[in-house]
Amino acid sequence: MEDEAEIYDGIRAQFPLAFGKQSKSQTPIESIHNATRRPASAVASENPSSSISNNKTNDLPSISSSSRSWLDSLKNPKRNPRSSFGINENSKNIAKEDELVGPPRPPVDENDALIGPPRPPPESAEKEEDDDDDGAMIGPPRPLGGNEEDDEPIIGPPRPPPDPAESDSDDDMDGEPEDDRYRIPMSNEIVLKGHTKVVSALAVDHTGSRVLSGSYDYTVRMYDFQGMNARLQSFRQLEPFEGHQIRGLSWSPTSDRFLCVTGSAQAKIYDRDGLTLGEFVKGDMYIRDLKNTKGHISGLTCGEWHPKSKETILTSSEDGSLRIWDVNDFKSQKQVIKPKLARPGRVPVTTCTWDCEGKKIAGGIGDGSIQIWSIKAGWGSRPDISVANGHSDDITGLKFSSDGQILLSRSFDGSLKVWDVRKMKESLRVFDDLPNNYAQTNIAFSPDEQLFLSGTSVERDSTTGGLLCFFDRQKLELVSTVGISPTCSVVQCAWHPRLNQILATAGDKHEGGTHVLYDPTVSDRGALVCVERAPRKKSVDDFQAQPVIQNPHALPMFRDQPSRKRQREKMLKDPLKSHKPELPMNGPGFGGRVGTTKGSLLTQYLLKQGGLIKETWMEEDPREAILKYADVAAKDPKYIAPAYADTQPETVFAESDSEDEEK
């Protein structure tokens, strides 16, 4: 073995070091996240705290305004210490001959005046020197220290700490803006593309590993953060119901199945890998009473899985009913809920939701009312709480808080309302000027529920684009707005508690995608995993030749067409068939061809040459043209007249008997 190793070392020494298998160069994580970083100008305008946290020069999580001004004042002495302390050309000429200006190692003057010492003198001595010189202190200042020249206030910390970075982080806690305490992860962004229309449904499982997105292009795409690379491609695409938009997606509490709600009357259940487990039955549309039908009879509008029970789901429909289903029985529902209406009829239920404990159901009715049912023994369709005029238009989203005391509602009327479930007569706060053009626009809470967020739609004459608005739950005020897309509307949004990442769906009539906002310092897994994973390079082994199936005895309709290669080669050898068509002439003609100046066709050429072919029939009178042949026809008849020359030498015309014709 030793001999073989020595032989290998001897042979290897004859080749350069770059020869052979090289180690793969790994891209630094910082450069990867810099590629997905949101524009600095957009981040600064949207949230000042995030722009401060992304400052590369400070390398600090956040910097207050006072600390920032202090650090800026300390940067100038390093570049030009004389200019920062007021030493210019005029001051050099005024300086005394026996003074040495700005040495890094201050010498001792003849008059025992120590200028620019590294060891700072007492304050009294400094003041005496300042009074004698009538100017600023000459020489380099104390590093990171305060300068009391001209009786100005101290900028920055009065006592220079040993580590300036630690002092900055301590001081920032006092002067930190209010937006910093929310820590909205929005410094970086990736987009999960693939849809051709607006993404109207979004669902993230509880572990944060898989994302579902449904669109108006009738498809559902499944993304896996653990299996994706930097190309961000979905691993499966589904079309639940042909020709129907996706209106809702919801994971089960155990994340092993998910519910898909489309524009059809039947909801579907899929497993985690996208395989169909079942489809709920459709009701009889000819039965008037909805309680006697086995399922919905019109298109679904919304659906959500029970937050605690993995066997129960809730759906709402345009037929004016809400239904509770058992996943184990696809043939009939468990409960039918008919909302309370002001007048009899069928009003669609536009949205529905559970509370966090699964003990209450809220539904948004097409007449603008909000109704809440409490699930208890012997409960029925009569709602426990009903707000007649909750909104002036259709309600698109409802959301309960975790404690069940706050209810958020979103509507087509461009408003977001905050309700107290204990006092539903009036809303706590109304946020207007939030345009909404999609029936699936929802509301979401932050993980700590200090904030709630919702998206806005793009209007025709607006220049703001699709925004994601954040509101404070305690103060009930707008905290921040984040621009997602300049041309696409924001429909669905979610803030995942485990990943600490914000997902927002956007799109229009031509494209759609899911935007994932994250911060590498506070977010965990999710987008961080797939962004750092580079796509695999294509290898020679990846090539797969298409198999050729030889079936000479197949029917003519299934038989492959014979190859035309030999026929094409034969045609190329034929000078007539392979002759290239002549291009049209430009300018005067040459080589026997007529140019475009005198007409591209021969007839045009002859007409333009002076009347070789003249057609005057368009200028003559038709009666005169016929009469000019009358004398010739009488003298030399050719066809009919010679046959009657012997029997009827003179032509006899019929005479009219009517007086009108004579007149």
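**Exercise 1. Aromatic pairs.** Determine how many aromatic pairs the count gives.

*Solution.* Rings of Phe, Tyr and Trp (its six-membered ring) pair if their centres lie within 6.5 Å; planes under 30 degrees apart count as stacked, over 60 as edge-to-face and the rest as tilted. By this rule there are 10 aromatic pairs. This is a predicted model, in which local features need pLDDT of at least 70 and side-chain atom pairs count only at pLDDT 80 or more, while totals for chains, interfaces and linings use all residues. Residues are numbered from 1 along each chain as its sequence is written, and side-chain values use heavy atoms, without hydrogens and water.

**Exercise 2. F280 and F330.** Classify the pair formed by the rings of F280 and F330, and state whether each residue is buried or exposed.

*Solution.* Step 1: the ring centres of F280 and F330 are 5.0 Å apart and the planes stand at 50°, so the pair is tilted. Step 2: buried means under 20% relative accessible area, exposed over 50%, partly exposed in between (1.4 Å probe, protein chains only). F280 has a relative accessible area of 1% and is therefore buried; F330, at 19%, also counts as buried.

**Exercise 3. F452 and F471.** Classify the pair formed by the rings of F452 and F471, and name the aromatic cluster that holds them.

*Solution.* Step 1: the centres of these rings, F452 and F471, lie 5.3 Å apart with planes at 20°, so the pair is stacked. Step 2: F452 and F471 are both buried. Step 3: together with F431 and F445, F452 and F471 form one aromatic cluster.
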